[in-house]
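Welcome! Here is a short briefing to read alongside the sequence and the 3D view. Take a moment to look around first.

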Amino acid sequence: MNPKGRSITIIGGGIAGLCAAVYALKCGYQVEVLEMHDMAGGLAMSWRRGPYTFETCLHWLLGSKPGGSFHEQWREVCDIGKLVFVNPQELTCIETASGDSLTIYTNADRLEAELLRRAPQDAVAIRDLIRSIRALAKFRMIDPSAGFSANWLNLLRDLPIFPLLRKLSRINGREYARRFSDPLLRSFFSEGDIGRMSAIAMIFSLAWMHEGNAGYCIGGSQALIRVIEENIASLGGRIRFNAKVERILVENGAAVGVELAGGETIQSDWVISAADGRSTLFDMLGGKYLSGTTRKMYAEKDLFTSYLQVSLGVALDLSAQPPMASCILDSPITVDPGADLRSISFRFFHFDPSFAPPGHCAVTSFLPTRNFTYWTELRDNDPVAYRAEKQRVADAVIAILEKRVPGVRSAIEVVDVSTPATIIRYTGNWKGTMEGWLIEPGAGFRPLPNTLPGLSNFYMVGQWIAPGGGLPSGLMTARPAIKAICQHDRVPFDVHAGAPHHQPAAA
Ligand SMILES: Cc1cc2nc3c(=O)[nH]c(=O)nc-3n(C[C@H](O)[C@H](O)[C@H](O)COP(=O)(O)OP(=O)(O)OC[C@H]3O[C@@H](n4cnc5c(N)ncnc54)[C@H](O)[C@@H]3O)c2cc1C
């Protein structure tokens, strides 16, 4: 059998690289995923410290509900039925130091009742919010790889929702928040990146949760990664760890393979980068294949923040706590020069029994910052000061938690602090961003081109071509890339769940 056009090298073993691997294997390609870390997942990550597991990624997975948007696509890449999903009743509880609080429920009826109870003066805006949540819950996502013929029915059904989509995607969270007078409700829509993003993003998330299609899977994001890895292994694919790609090899305008750190070269018919966008374009490809739009995007556009995560292993039963609490502080906490936070959030993982022994709880606190250089320079130049800074932030977070849960300090068994330097080291993501491009008002979710001018046999997948990022961006970008490769090679693209698998081509 002619192997031409039959082997694919995939750079990066995050969700996007793994999804691309499954689709390619199902179509009969030989696939090797090259991952620089010693495990798969990228940002979809957790780590174990003693008896505790600390999750950094998963809050909700779009597509968790059989029959809901995206569920079928997850079934194409893994046995999602093996995962156990929970749908917490509460998304978060916003609390002030004086004891005032507002619970954001995931069910729209309960949310409406809670908001009207708390802020009857905002009834008009509250009812409008709930109407929007209900309307967006009915929205069926279009499949970018499927074309008009497969999407026209969804488009027709969604037509009445388009004016609402347009309205909500033109304003950011802060502007949306102004329609409420209640300070806690305002704060929900205006804090941090939610306030900078197009309002549509948060309201879509509430809609998916209301529909029960954005659950949390027990075991966190790594549970999802593991079922995809199992599928790759069963299809005969290979993930090579500790394999950092330095360069994409190009001959006569076509990608022909990659060079690893250390000099080893790997030849293949196609190269897909599922790694950080900036290092793919500017380092691995030397900045040679950029359109004006892409260059402008990397020079000007905003990214989601980076963050520190303080993770605590607590020998206490904290099941009375909400799954997430957003605490508005009396005085700001200084994370680093440039990040003084007026509120911080805690996640109490009592709903995931795999994360701590009975009677114990894994607790994490997310501290956004854009000052990634402060942390990378400190780590590189002054490891002692780096450790001291991490300790200072951990102490400040523990002091806030102690006020909220008196007695917790003495039950803390494990303290772990990750910083933007950690994210960059383990995932390579530019500026330590948590999710790539921010969805700004007016810009929408439209993906960036997945090919580059002047370069053939190459595709990009993952959050760097899908503004808004998220785990589904792995699926949404991998599917069209492999479909296009199949079209080019005249290979049938038959990847639906349960489709017969083609035999890999002989080398
Ligand atoms: C705090 C946080 C909360 C989040 N919450 C959610 C959520 O609730 N729901 C949701 O859907 N999404 C969530 N996300 C977003 C989601 O995790 C990401 O958008 C998604 O995982 C990105 O996947 P990716 O494969 O595109 O990129 P990555 O995960 O960054 O994967 C890229 C991979 O490429 C590897 N790599 C990089 N450079 C090289 C190289 N030179 N050679 C070899 N390998 C390389 C990296 O090590 C990495 O494994 C969250 C993210 C964070 C950080």
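How many nonpolar, polar and charged residues does the shell around the ligand have? By class, there are 21 nonpolar, 13 polar and three charged residues in that shell, where Ala, Val, Leu, Ile, Met, Phe, Trp, Tyr, Cys and Pro count as nonpolar, Asp, Glu, Lys and Arg as charged, and the others, Gly among them, as polar.

Before the details, please note that this is a predicted model, in which local features need pLDDT of at least 70, side-chain atom pairs count only at pLDDT 80 or more, and totals for chains, interfaces and linings use all residues. Residues are numbered from 1 along each chain as its sequence is written, and side-chain values use heavy atoms, with hydrogens and water left out.

**Around the ligand**

- The ligand is surrounded by 37 residues, and the closest are Glu35, His59, Asn429, Gly470 and Leu471; a residue is near a molecule if one of its heavy atoms lies within 4 Å of it.
- Polar contacts are pairs of N or O atoms within 3.5 Å.
- A ligand oxygen atom lies 3.2 Å from a polar backbone atom of isoleucine 15, and an oxygen atom of the ligand is 3.4 Å from a polar backbone atom of glycine 42.
- A nitrogen atom of the ligand is 2.9 Å from a polar backbone atom of valine 245.
- Taken alone, the ligand exposes 1,000 Å², and the protein buries 96% of that (areas by the Shrake-Rupley method with a 1.4 Å probe).
- Helix H1 (15-26) and helix H16 (420-427) are the elements that give two or more residues to the shell; helices (H or I, at least four residues) and strands (E, at least two) are DSSP runs, numbered from the N terminus.

**Glycine 313**

- Glycine 313 sits in strand S15, which covers residues 306-314.
- Glycine 313 counts as buried because its relative accessibility is 0%; buried means under 20% relative accessible area, exposed over 50%, and partly exposed in between (1.4 Å probe, protein chains only).
- Leaving out residues up to four places away in sequence, glycine 313 touches Tyr52, Phe54, Cys361, Ala411, Ile412, Glu413 and Val414, with contact meaning heavy atoms within 4.5 Å.
- Threonine 364 is 51 residues from glycine 313 in sequence, and 8.8 Å away in space, C-alpha to C-alpha.

**Cysteines**

- A search of the whole structure finds zero disulfides, a disulfide being a pair of cysteine sulfur atoms within 2.5 Å.
- Cysteine 78 is buried at 5% relative accessibility, and its sulfur is 7.6 Å from the closest cysteine sulfur, in cysteine 19, so that distance is too far for a bond.
- Cysteine 486 is buried, with a relative accessible area of 1%; its sulfur is 3.6 Å from the closest cysteine sulfur, in cysteine 27, which is too far for a bond.

Terms used. Polar contact = N/O pair within 3.5 Å; in protein donor to acceptor, adjacent residues only side chain to side chain.
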